[in-house]
Every structure is written in C-alpha cells, then in structure tokens.
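This report goes through one protein model, from its overall make-up to single residues. Please keep the sequence and the structure open while reading.

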Amino acid sequence: MLQTNPRPARPRGQAMADHRTPLIKNCWYVAALSSEVSRSLLERRLLDTSVVMYRTEAGAPVILNNRCAHRSFPLSKGRLQGDDVVCGYHGMVYAPSGQCVGMPALPNPPTHACVASYPVIERAPFIWVWMGDRDKANPELVPDTQWLAHPEWKTLGGEFQFHSNYVAMHENLLDQTHFSILHAKTGIGTPAYVRSDLDVRQEGDRVIILRALKNSPPPPVYAVPMKLEGRPVDRFSDARFESPAIHIAHAKIVNLEPREGEALEYLVNITHAFTPESQNTLHYWWFNSRNFHHEDAEIDQYVLDSHRAAYLEDVEALTWIQELLDKEPGTVEELSFAPDRPGIMCRRTLLRLSQLENGIPVQPA
C-alpha cells in the first residue's frame, strides 16, 4: 500500500503575509508620477479605492475620493472650476478639502456633504498619498528617493500595471536566487552571485540584504553600460524592503583593471515603487539611476531595454502565480528553504503591520 506523508501544518511562528492579507493603508504610497497630474482630472484606483487627482491653479496636487457623496457619480467625469471639482451629474462643487461648497439645486451648500481628501506630498518624480489614518500621516515617513531628481544621477524608468499581490512583489525583489534562472536571457544575475556571501538583517520594519562578490565578471546588465564585459570586478550590493510601498537597491562595481579614462567605481541605484490597485493588482514604477556615462544615448537605450525586459519577466511570473492562486480556495501551503529568509522576514513584517492596523492579535515570530 502506497503511503504518503501528510502535509505538515505551518508552525504558528512561521505565519507570513500572503495574497489574502488585508492591505496596509497606513503608509505613504506613490499615487502617480508628477508628470501625470495636471489641470485635467485623472482617475486611478489605489488600495481598492477610486480617487481623482488634479492640480490647483497654484500647482499643488490634490487627491479626492472619486465618488460624489450625492449619487455616486465619478467626479473624474466632471470638470474643474478654479481649484474646485464640479460633479457632472447634479453640479455639486467640492473644494480641495473635500467639503461641498456649492449645489445648484439648493440656495446654500449642504454642510454635511463631503468626500474624503487624502494627505499628499510631492517629491519629484513622485506624488505620495496617505490613505489610512490621517493622524498618522507623518511627512517624515515619506521614503527618501532624492537621487531620482538629482543632476549627478542619470535616471531612466518605466511602469507596469499587472495582476499580482504586493506581498509577492516584495518577496520577488528580495529573492536573488531566481536571478540566473528566471532572468537567464536578460543577464541580470550570475550563478556565482547567487552563491556569494549573504548578510540579512532587519532594522525596525526594514529588511536589508548585503552581498559581496569579488574578482568576478559582472552580468551583462552592469557590464555593458559600464563597458567592463569579461573583466573581473568587485561587486558590492544591497537590496532593501523600505516600506510596503517601496524597494530600493544599490550596487557598487569596483574596476579592478582600470584603463585610461575609466572610472575606478561605478554606482547604480535601482528603485521599485508599487501601490496596490486592489487586493491582487498593482501599479508598479521602476527606475535605474547611474552616476556614469550620462550623455551616452546607446547606454540609455540598453538600460531601458534590458531592465524593461527583465522586469517584464518578473511581471509575467508573478501574474502566472497569482492566476493560479486565484483558483485555489483556502490556505495554500508552500515550502520555504534557507535562501528564502529575506522574503520570509519581509512577509512577517507585512503581516504584523496589517494585523496592527486591523486590530488583529499579532502572532509571535
């Protein structure tokens, strides 16, 4: 008689966030790029909520709930009147505060009529929004991405909107063991890099990976723009889960055999920002910033093409996983191994933050 081992139950202390974990709202998320928001009404779904975005006549960004308080007409289908939004159904007028300040059918605006207005901070290239408890919207918690607008860095980027949960996205970015497998065609990683020394640490809610690989050729994604193909370098890198909204990575490539006119060090910052559209769909913005060869158009095109192709591989993989999970009822048990430690730490943090926000007793790690 064939015997099978029963599927082991996940230990209580191993509980982690997954695609069903309630979204964390007490966090600064990217609502849009600065370039996207203008004097036209822009509708977008963020954290399962439809919002409308625009700029005041002075240029300040405004984000309101998109549903008129009267009969749920989308305000994005209305029009701007100065700094106010006019509903296209019955003409109710909403100030940037969300307060109704006019209604054609009444001599005085109804003072109890209002829509949610969300705290907004613009730090180019991002417009950040806080959709949770307003009292906790501390501007000091906005992630620092100053290099994205700094002239010492050449920054290129792109965006995707796709079917996946942000928990899986965070784990994917902390999971460097898939680099030389999933990204074999796009040259993101090497087998030697995957096996290099790994230091994982947690600082507060941040999860940080540090790696060093010495005297080894870099992968094409670095070698080509740095013009170091086939040459040994020392490679130092880190990857950081900064918040539910952003992941940041840094790389330093040390040129061990510098030739005339070449730099001794090359620096690259990689920024991944993503905001849940809904429980299992994402807005995703990525940026590659470098401190070398700013004016080389061929390098620009290579960086755009290679990174877009690599991130599309991630997008496709995570979409396929989510589509499969959508068909699986209840809890899905997965095996974890030693190299998964960074992702597990991140997922435990996300679960804890979600539980705290939703008043759920936090399970001990």
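Where does UniProt place the feature "domain: Rieske"? The record, an unreviewed entry, puts this feature at residues 28-129. UniProt positions are given here in the numbering of this report, feature names are shortened, and annotations may be inferred rather than shown by experiment. In the model, the end C-alpha atoms of residues 28-129 lie 5 Å apart. That span is 0% helix and 41% strand.

**Basis of the values**

The model is predicted: local features need pLDDT of at least 70 and side-chain atom pairs count only at pLDDT 80 or more, while totals for chains, interfaces and linings use all residues. Residues are numbered from 1 along each chain as its sequence is written, and side-chain values use heavy atoms, with hydrogens and water left out.

**Overall make-up**

The protein has six helices and 17 strands. Helices (H or I, at least four residues) and strands (E, at least two) are DSSP runs, numbered from the N terminus. Taken along the principal axes, the C-alpha atoms fill a box of roughly 80 × 70 × 35 Å. Of the 365 residues, 50% count as buried; buried means under 20% relative accessible area, exposed over 50%, and partly exposed in between, with a 1.4 Å probe and protein chains only.

The protein exposes about 17,900 Å², and carbon and sulfur atoms supply 52% of this area. Accessible areas come from the Shrake-Rupley method with a 1.4 Å probe, and for residues only the protein chains shown count as cover. Among contacts with a separation of 6 or more, 59% are between residues 24 or more positions apart. A contact here means heavy atoms within 4.5 Å.

**The sheet β1-β10-β9**

Three strands form an open sheet in the order β1-β10-β9, with antiparallel pairing. Its edge strands are β1 (28-33) and β9, each of which pairs on one side only. Neighbouring strands of this sheet are turned by 30 degrees against each other on average, direction ignored. The axes behind such angles are lines fitted to C-alpha atoms, for helices over the stretch in contact, and angles run from 0 to 180 degrees between N-to-C directions. Two strands pair if DSSP finds at least two bridges between them. β9 and β10 pair over four bridges, and V120 has V129 of β10 as its bridge partner.

The loop between β9 (120-123) and β10 (126-130) holds P125. A cis peptide bond, with omega about 10 degrees, joins A124 and P125.

**Strand β16 and its neighbours**

Strand β16 (residues 265-278) is mostly covered, with twelve of its 14 residues buried. Strand β15 (residues 246-255) pairs with β16 in the antiparallel sense over nine bridges, and H272 in β16 is the bridge partner of H247. β16 also pairs with strand β17 (residues 281-290), again antiparallel, over ten bridges. Here Y284 in β17 is the bridge partner of F274. A hairpin through two residues joins β16 to β17.

**Cysteines**

How many disulfides does the model hold? The count is zero, a disulfide being a pair of cysteine sulfur atoms within 2.5 Å. C68 is in no disulfide, and the nearest cysteine sulfur, that of C87, is 3.9 Å away. C68 counts as buried at 2% relative accessibility. C100 is likewise in no disulfide; the nearest cysteine sulfur to C100 is that of C68, at 7.7 Å. C100 is buried too, at 3% relative accessibility.

**Loop residues**

| Residue | Loop | Relative accessible area |
|---|---|---|
| D48 | between β2 (42-46) and β3 (49-55) | 37% |
| S72 | between β4 (61-65) and β5 (79-81) | 40% |
| E328 | between α5 (297-326) and α6 (341-357) | 41% |

D48 has a positive phi of about 65 degrees although it is not a glycine. S72, also a residue other than glycine, has a positive phi near 65 degrees. E328 is 248 residues from L80 in sequence and 45 Å from L80 in space, C-alpha to C-alpha.
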